[in-house]
Amino acid sequence: MTTDLVAVEARNAGGVYCGSSWFEYRDLVERLPSFAGLAAQRPRTFYLGDTERGERVWGEFVSANFFGVLGVQPALGRFFLPAEAASPGGAPVAVISHGFWQRLFRGAPDAIGRTIKLNGRTLTVIGIAPAGFAGGFNALGFDVWVPLTMARELIPATRDLIARDSRAFILLATLKPGVTHAQAEGELDAAARSLAHDHPDTNTGLVFDLLPLWRTPRGGAVQAGALATLQLFAALILAVVCVNTANLLLARASVRQREIGIRLALGAGATRIVRQLLTESVLLALAGAAGGALLALLGVEALRQIPLPTTVPVRLDAAFDWRSLAFAGGIGVGCGLLFGLAPALQLARTDVQNALRGGRGSLTGRSRLRDILVAMEMAVALVMLVLAGLFLKSFHNAQTLHPGFAVDRVLLATVDLAGRGYTQTGTISFLRDLQTRLQALPGVEAAAMAGIVPLDIRGLPKNRVSIDGAPRSDGIVSQILFYNITPGYLATMGVPLVAGSDLAPLDQNNRPLDAIINEEMARR
C-alpha cells in the first residue's frame, strides 16, 4: 500500500465527520486538479451463495481506481476498469481477497472467470488481491470488493446512488508530486464552498479535511490512542525494570570492588573497566530481550486465536518479524547501556589502595545514587498502581452500574435485510409483521426494534439539532446523539416515560413526525 495515502473526511457544521455521498465524490474528482487520485469505499455485508442460508461475508463497494490509489497490484487477474464503475448499474464483477481465494477456490488459478453469488446476484471474479491486503480501513479485513455502482443491484433499498445527503462513502487520496498539504487543503476548501453554493440544501456548512490515516475518525485515531496507552504501560514497566536492575548492579559493585581494584593495579585503564562492565550489562539486557521476544512470539500466536466479541471484521494484524526482533535488540542494548553506566563509572573510579585492603569507602556517592534510584523506582511503581487502580475501578463500574435499561430480561436479535433483495417498502412491511408475530409469542411481554442497540461498540450517530423559536445566541450548532426506534421500545427496555406519550404507531402515517427526548435534553 502506498505510503503517501491520505483521507478526505467530510465534516458537517456541527463538527461531526459524516462521510461523503456518491455525488460529492464525483464532484470532487473534477474539482481537485492537484490530487493524483481520489477513491471511494464503503464497507457492507453480503450473503455468499443462497440468500436464504448463505454465509455472511464482509466486503466493500469501491470506485474503479480504488486499488490504483492504494498502490496495490493484483496477485492474479486484474482490477476494475473505469467503465465498470462509471454509472449506476455498473458491471457484475468482483475482486476477492487472497485468503478468500484460498478458502473458497482452494487457490486454484482458474478462479479468474468463475462466478460467485452475492445477495442473490451472480458476479464474475476478475481479480485476486495480493496476500496481506485487507482493504482500505485500519484494523479491518474484507473478503470481496465490488464496484460501488452495483450498490442498488445488490441492495435495492439503498439510497447511496440516488441521494446527495446519503453520505456513506469514505474517500482516500494521493497528491501529485510537488503538491503541498496546504495547497491540497486550499483546493478542498474551494470545492466545499462551490458545492455549498450549488447545493445549499445538502452542503451548507460542509467542509472537507485532509487527514493522515492515523488521524481518521473511523479506526485510525482510536487505534493510535489504544497503541499509545499500551506503549505507555510498557514504557513504565521497562523503566521499573531498568531502575531496579541498576540498583542491583550498584549493590553488586561493592562486592566486586576488590576484583576491580586488582585489575586497576595490574594496569587496566578506567576506559577498559567501563567497557567491560557495560558489555556485561548489555549481555544481561540482551538475554532479557531474548526472553521477551520469545514471549512476544507466543503472545502473537495466542492473540490470533482469541475470538472477538463483535461482528465487525476486526483484523488483528499482529506479527513478529525481523523488525520486531531488531527493535527488541535495540531496546536491550539501550537499556543495558542506560542501567549499566552508573555502576560502571562508580567502579572505574575505585580507590586501588582501599580496594586491596578490603575497604568500602572508595565508591563515593554510591549510597546517594542508590537512594535516587530507589526513589525513582517507587515513583514509577506508584504511577502504575494508580493507573491500574483506575482501570480496575472503571471495569468494576461497567459491570455493576445500572445502565438505565433492563439487562436481565431483554433478549437481543439482529435482522439484516440489506442482502435479501428487500426494497424500502418491503423492509418496512417485513419489520412490522415480524414485530407483530414476536409480540404474539408465549412468554414475550413486549417486542420492539431499534437501528442501534445501547452501548453498541460502534457508538451512536450524531447530528445537528435546532429548536424553533429558540436559536442559540452564541452561534454554536447544538449536537445530539440519536437513533431510530419503533413504538414500545422504551417499555421493552424497561425505561419509564417521565412525561408525555410513546411514539405514534407506525401505521399512522398521517400524523406529524414525533420524537422522544431524555431529561437532560429537555433541561437544556
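This predicted model holds 14 salt bridges, each counted when a side-chain nitrogen of Lys or Arg lies within 4 Å of a carboxyl oxygen of Asp or Glu. Side chains of opposite charge can pair when their charged atoms come close. Here are three of these pairs.

| aspartate 209 | arginine 11 | 2.7 Å |

Residues are numbered from 1 along each chain as its sequence is written. Local features need pLDDT of at least 70 and side-chain atom pairs pLDDT 80 or more, while totals for chains, interfaces and linings use all residues, and side-chain values use heavy atoms, without hydrogens or water.

Let's look at where the partners sit. Aspartate 209 belongs to strand E10 and arginine 11 to strand E1, 198 residues apart; strands are DSSP runs of at least two residues (E) and helices of at least four (H or I), numbered from the N terminus. Aspartate 209 is buried at 15% relative accessible area, whereas arginine 11 is partly exposed at 26% (buried means under 20%, exposed over 50%, partly exposed in between, with a 1.4 Å probe and protein chains only).

Aspartate 27 and arginine 164 are both buried. In helix H15, arginine 523 and glutamate 520 are 3 residues apart, about one helical turn. Arginine 523 is exposed at 61%, and glutamate 520 is partly exposed at 36%. Glu520, Arg523 and Arg524 form a network of salt bridges.
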